[in-house]
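Q: I'd like to learn how to read a protein model feature by feature. Could you walk me through this one?

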Amino acid sequence: MDQSSPQTPAVTPLAEVQGRIARAALLAGRSADDVTLIAISKTHDADAILPLLGQGQRHFGENRVQEAQGKWPDLRARYPDVTLHLVGQLQSNKAAEAVALFDVIHSLDRPSLVAALGKAMAAAGRRVPCFIQVNIGAEAQKGGCAIADVPGLLDAAREAEIPVAGLMCVPPADVEAAPYFALLAKIAREQGLAGLSMGMSGDYETAVMLGATHVRVGSALFGARG
Ligand SMILES: *Cc1c(COP(=O)(O)O)cnc(C)c1O
């Protein structure tokens, strides 16, 4: 008789994703330790997040300040060593709240936000590392700065004493992501930036092979969002 229960699969989604990251890193001659897996828990409640915390996952990402404020203070009280990442577009009027709650911000993409975050960080006495988000496919209606604006935004961030961790992108949907990841890596190299936040459920292995230091994986860990 089959003893396995549907609640406890032999290989958890977390172990599966970790294994795939390790294999992709190995293929690229990299160490899996150089890749941070961020579990994107947007739309999922504490009941869905707690099993991952129990399995040792500590980096989580949210895309809305208000949603994160609703669920993370309680979870953090139980798991104080969680690192919380903001991966969604940030309005300047939410900068202070974002600085108070998040440990890393992946969506720095315009001068007005540099100004707001610089001010918020100075007021809070807390310097939150930020990735500059690049609109790598030059898509209308997509977050991120133009490629040509990266050096200027980087200068502005440094001027505002915002620690810049690297570059982040969300490539165009439904086309091969690899050329966009390679381009983001090239720009980061040119700017002397070490961090690369790229790769989601559908393409994180490709991203790791092309140098991602942070992959942002949601549905492969939590299942499809409702
Ligand atoms: C939702 C989201 C992800 C995760 O997407 P999946 O395809 O579910 O892995 C990654 N990055 C950003 C910016 C997101 O908004």
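Q: Where is Ala 138 placed?
A: Keep in mind that we're looking at a predicted model. Ala 138 sits in the loop between strand S5 (130-133) and H6.

Q: What is the phi of Ala 138?
A: General idea to start with: most residues other than glycine have a negative phi. Ala 138 isn't a glycine, yet its phi is positive, about 45 degrees.

Q: Is Ala 138 buried or exposed?
A: The cut-off for exposed is over 50% relative accessible area. Ala 138 counts as exposed because its relative accessibility is 68%.

Q: What about Glu 161: where is it found, and what is its phi?
A: Glu 161 is found in the loop between H6 and S6. Its phi is positive too, at about 60 degrees, although Glu 161 is not a glycine. With 53% relative accessibility, Glu 161 counts as exposed.

Q: Which helix holds Ala 157, and is Ala 157 buried or exposed?
A: You'll find Ala 157 in helix H6, which covers residues 150-159. Buried means under 20% relative accessible area, and Ala 157 has 0% relative accessibility, so it counts as buried. You can also read distances from C-alpha atoms: those of Ala 157 and Ile 49 are separated by 33 Å, and the two residues are 108 residues apart along the chain.

Q: Where is Ala 165 found, and how far is its C-alpha atom from that of Leu 196?
A: Ala 165 belongs to strand S6 (residues 164-168). As for accessibility, Ala 165 is partly exposed, because its relative accessible area is 26%.

Q: Let's turn to strands. How do S1 and S2 pair?
A: Strand S1 (residues 36-40) and strand S2 (residues 59-62) run in the parallel sense and pair over 2 bridges. To see it in the model, look for Ala 39, which stands opposite Phe 60 in S2. Now follow the chain: S1, helix H2 (residues 46-54) and S2 form a right-handed β-α-β unit.

Q: How many bridges join S2 and S3, and in which sense?
A: There are 4 bridges between S2 and strand S3 (residues 83-86), again parallel. Glu 62 faces Leu 86 in S3. To get from S2 to S3 the chain passes through H3, and this β-α-β crossover is right-handed. Another pairing to spot is Phe 60, whose bridge partner in S3 is Leu 84.

Q: Which strand is paired with S3 over 2 bridges?
A: That's strand S4 (residues 104-108), and the pairing with S3 is parallel. Here Leu 86 stands opposite Ile 105 in S4. The chain goes from S3 through helix H4 (residues 95-101) to S4, in a right-handed β-α-β crossover.

Q: Which way do the side chains of S3 point?
A: The general idea is that in a regular strand the side chains alternate between the two faces of the sheet. In S3, Thr 83 and His 85 point one way, while Leu 84 and Leu 86 point the other way. All four are buried.

Q: How many disulfides does a search of the whole structure find?
A: A disulfide is a covalent bond between the sulfur atoms of two cysteines. Here the search finds 0 disulfides.

Q: Last one: what is the volume of the largest pocket, and which residues are closest to its centre?
A: The volume is about 580 Å³. Among the 25 residues lining the largest pocket, those closest to its centre are Lys 42, Asn 63, Val 87, Gly 88 and Gln 89. Helix H3 (65-78) and strand S8 (214-217) each give at least two residues to the lining. Sorted by class, the lining has 9 nonpolar, 10 polar and 6 charged residues.

Technical notes
Residues are numbered from 1 along each chain as its sequence is written. This is a predicted model: local features need pLDDT of at least 70, side-chain atom pairs count only at pLDDT 80 or more; totals for chains, interfaces and linings use all residues. Side-chain values use heavy atoms; hydrogens and water are left out. On a 1 Å grid over the protein atoms alone, a cavity is a set of points where a 1.4 Å probe fits but cannot get out, and a pocket is an open set with protein on both sides within 12 Å along at least five of seven lines; lining residues have an atom within 4 Å of a point. Grid points are joined across faces, edges and corners, and a volume is the space filled by probe spheres set on the points. Ala, Val, Leu, Ile, Met, Phe, Trp, Tyr, Cys and Pro count as nonpolar, Asp, Glu, Lys and Arg as charged, and the others, Gly among them, as polar. Two strands pair if DSSP finds at least two bridges between them. A crossover is right-handed if, with the strands pointing away from the viewer, the path from the first strand over the helix to the second runs clockwise. A disulfide is a pair of cysteine sulfur atoms within 2.5 Å. Buried means under 20% relative accessible area, exposed over 50%, partly exposed in between (1.4 Å probe, protein chains only).
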